[in-house]
Amino acid sequence: MSDFPGAPSAPRDGRRLRVLAAMSGGVDSAVAAARAVEAGHDVTGVHLALSANPQSFRTGARGCCTIEDSRDARRAADVIGIPFYCWDLAERFREDVVEDFVAEYEAGRTPNPCLRCNEKIKFAALLDKALALGFDAVCTGHYATVVVNEDGTRELHRASDMAKDQSYVLGVLDERQLAHAMFPLGDTVTTKDEIRAEAERRGLAVAKKPDSHDICFIADGDTQGFLAKRLGKAEGDIVDEAGNRLGTHEGAYGFTIGQRKGLRIGHPAPDGKPRYVLDISPVTNTVTVGPAEALDVTALTAIKPRWCGVAPEGPGTYTAQLRAHGGETEVTAELVGEELRVRFTEPVRGVAPGQAIVLYDGTRVVGSATIAATERVRTGAAAQ
Amino acid sequence: MAYLDHAATTPMLPEAVQAMTALLPLAGNASSLHAAGRRARRTVEEGRESLAAALGARPSEVVFTAGGTEADNLAVKGLYWARRAADPARTRVLTSPVEHHAVLDAVHWLADHEGAAVEYLPVDALGRVHADALREAIARNPADVALVTVMWANNEIGTVMPVRELTAVAAEYGIPVHADAVQAVGQLDVDFAASGLAAMTVSGHKIGGPYGVGALLLGRQYAPVPLLHGGGQERQVRSGTLDVPAVAAFAVAGTLAAERRAEFAREIGALRDELIAAVRAAVPDAVLGGDPDPAGRLPANAHFSFPGCEGDSLLLLLDAQGIECSTGSACTAGVAQPSHVVLATGTDPDLARGTLRFSLGHTSTKEDVAAVAAAIGPVVERARTAGLS
């Protein structure tokens, strides 16, 4: 019986740690729950029903909110031998994640709903309910590591296996949330195949289940279609950096900064090079396009910072991650009031307002903030 | 362990287990003509006779099915189809909003696929349908009513329906009435002949018999269109090889349920009253669902709403202490929704989220009640802290 690094403190009265394992119906969260049991904890499984109108079956490898997923989670809990419940958090999810997602796109930004879900649902609504019901911790199948310092404070670190690391989507957790979080998969250097092999050994049928990648509430993976249905068509202009009209679009919300495909501009650029979305202006419903080098961002400001521990003072050098599966880049960052000001050592591309920037100190997650505006190398494409 | 979910399923009676296990090794298709077949046939027919006797029916009125859900579907759809075939004007189905899903969803299906016009008879705050409401509904156009289906007693809140009054009204217009009596058998005086019903659903595993067997009691003059076509067993109404051991065990359970009913109802009713008193003492603002008058509710049923609590939270916390009960109908499991039954009684939707059903049965003891009495106060307090998410 060995516990995971950074597991929440054992209860003072000597009883076992009561752990609520969030089980999506996928292989990772099932193995995480099984490992929590093996570590000697008193584990209860819960599946979050996040969709008001769940589909009966998964189609392909998308989403995680079908009734079949709920059954898979229940079946895994049965095999592991833990109680299992299904909690309906659909209303909270709709308000805090789905509506936010739509509103962000409508405002010309590019949100990350997974971060938002971790912040507002898994480690807020779910965690609060769990604590109120007498649980000590929430356990998930995320790949990230919690480190406890000598003074008892906690740090969130990247997973031992950088290729699997999911600390980016957990960058919104504060220290209180971390104190009640358990990530049994975080310290394993392992391939997905090995997790599947472990699931197989444990008799878990989800061992062979395909991974889910897409946004769980957009079952068919068609984000544009989902947004079009919610926001309606709004025809507007596609212009170049000088403001010349190159074509039209059916809704500025359908674009992401850095996007190249699907612009449907009839004639090529004068220099023959591909054009990218540089800017989205929801006010004028205009999409500005231009060459790749116009995407180069040298600095940004980000709002709503959240710190995994104490907020850093003064300017500091960090590495930053800008997307869930993105690489690291070196930055200097400083908190000015409630605004995080970030400068990149080398210009980076494809930075969109709405995305989260997560700052790291080595493997340690320092904190995160939501990108509000960017500074470009070329002045033509004005930052928002 | 305090098992207080007998309305979901109750342990098999030892006598039924014995009847069933004794027959399991024996071969014999009740439709076969040879000796083994004749033996199986005899077992089935003896079971049919004893079940008929226990329920006040004639043996030929017992149609064995694979359970309550199938019997409900056969009655609702089969009678609808037959009545409409006899007169195309008959498309109206009168039911109550507090039915079990086996009736409710069958009726919905008829509306969606078979052109049925479904009308929900109003229920009062206790969840009861009244005869005058049925009369009013039928009188609007007696010619277009295909059938009436109203349960004998409610599975969630325990309210007993005035079955004989309802059938008396329908009889004036010659309209058949079906009742789901799955919860009533063994607790109430269920007499098919005296009830005036055209069809009545009963289930094995709710009365100490096995899972997977039930029956539709069906008046001899009714020939519902079958759901299952095949060998023509069971009056050509329900094809399929009969499950001989299950039928025999079901019949034993049915016989014992009838024999022991009066005593069981008295004893379990007293225990149930203790449970209600204990919950009220521990949680003064708990709201009793259904009829507070014991004469109007199933003797084994106690149903509460706990203000400010999520039923799921209550269930989880009680489960962790070895107390097994239900938030409502177990068939709604998966995503918890406020019970349609509780909402139909006019209960505030927030209050309807915090419901618990305790249902007692033949294995229930004073210790079970004491366990609830000790646990319910702190559990409700904790669930309130967690609140309504």
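**Close-up views of a predicted two-chain model**

View 1. Taken over C-alpha atoms, the centres of domain 1 of chain A and domain 3 of chain A are separated by 25 Å. Chain A is divided into domain 1, covering 18-208, domain 2, covering 233-291, and domain 3, covering 296-376. Where domains 1 and 3 of chain A meet, 21 residues of domain 1 are in contact with 17 residues of domain 3.

**View 2. The side of domain 1 of chain A that touches domain 3 of chain A.** At least two residues of this side are supplied by each of helix 4 (113-132), strand 6 (154-158) and helix 5 (175-179) of chain A, and strand 6 of chain A provides the largest share, which amounts to four residues. By class, the residues on this side of domain 1 of chain A divide into nine nonpolar, six polar and six charged.

**View 3. The contact between chain A and chain B.** This contact takes 16 residues from chain A and 12 residues from chain B. On the side of chain B that touches chain A, helix 9 (311-320) and helix 12 (366-386) of chain B each supply at least two residues, with the largest share, five residues, coming from helix 9 of chain B.

**View 4. The largest nonpolar core and its member L217(B).** The largest nonpolar core holds 226 residues, of which A33(A), V138(A), C139(A) and L217(B) touch the most other members. Helix 8 of chain B, residues 244-282, gives the most to this core, with 16 residues. When neighbours within four places in sequence are left aside, L217(B) is in contact with L55(B), A57(B), E61(B), V62(B), F192(B), A199(B), M200(B) and V202(B). In soluble globular proteins, nonpolar side chains tend to be buried together.

View 5. Because 16 other C-beta atoms lie within 10 Å, Q321(B) is partly exposed. Although Q321(B) and M1(B) are 320 residues apart in sequence, their C-alpha atoms are 8.1 Å apart in space.

Note on methods. Residues are numbered from 1 along each chain as its sequence is written. Chains are lettered from A and ligands numbered from 1 in the order in which they are written. This is a predicted model: local features need pLDDT of at least 70, side-chain atom pairs count only at pLDDT 80 or more; totals for chains, interfaces and linings use all residues. Domain bounds come from an automatic or database domain assignment. Two residues are in contact if their C-beta atoms, placed from the backbone, lie within 7 Å. Ala, Val, Leu, Ile, Met, Phe, Trp, Tyr, Cys and Pro count as nonpolar, Asp, Glu, Lys and Arg as charged, and the others, Gly among them, as polar. A nonpolar core is a set of buried Ala, Val, Leu, Ile, Met, Phe, Trp, Tyr and Cys residues joined through C-beta atoms within 7 Å. A residue is buried if 20 or more other C-beta atoms lie within 10 Å of its own, exposed if 12 or fewer, and partly exposed in between; C-beta atoms are placed from the backbone.
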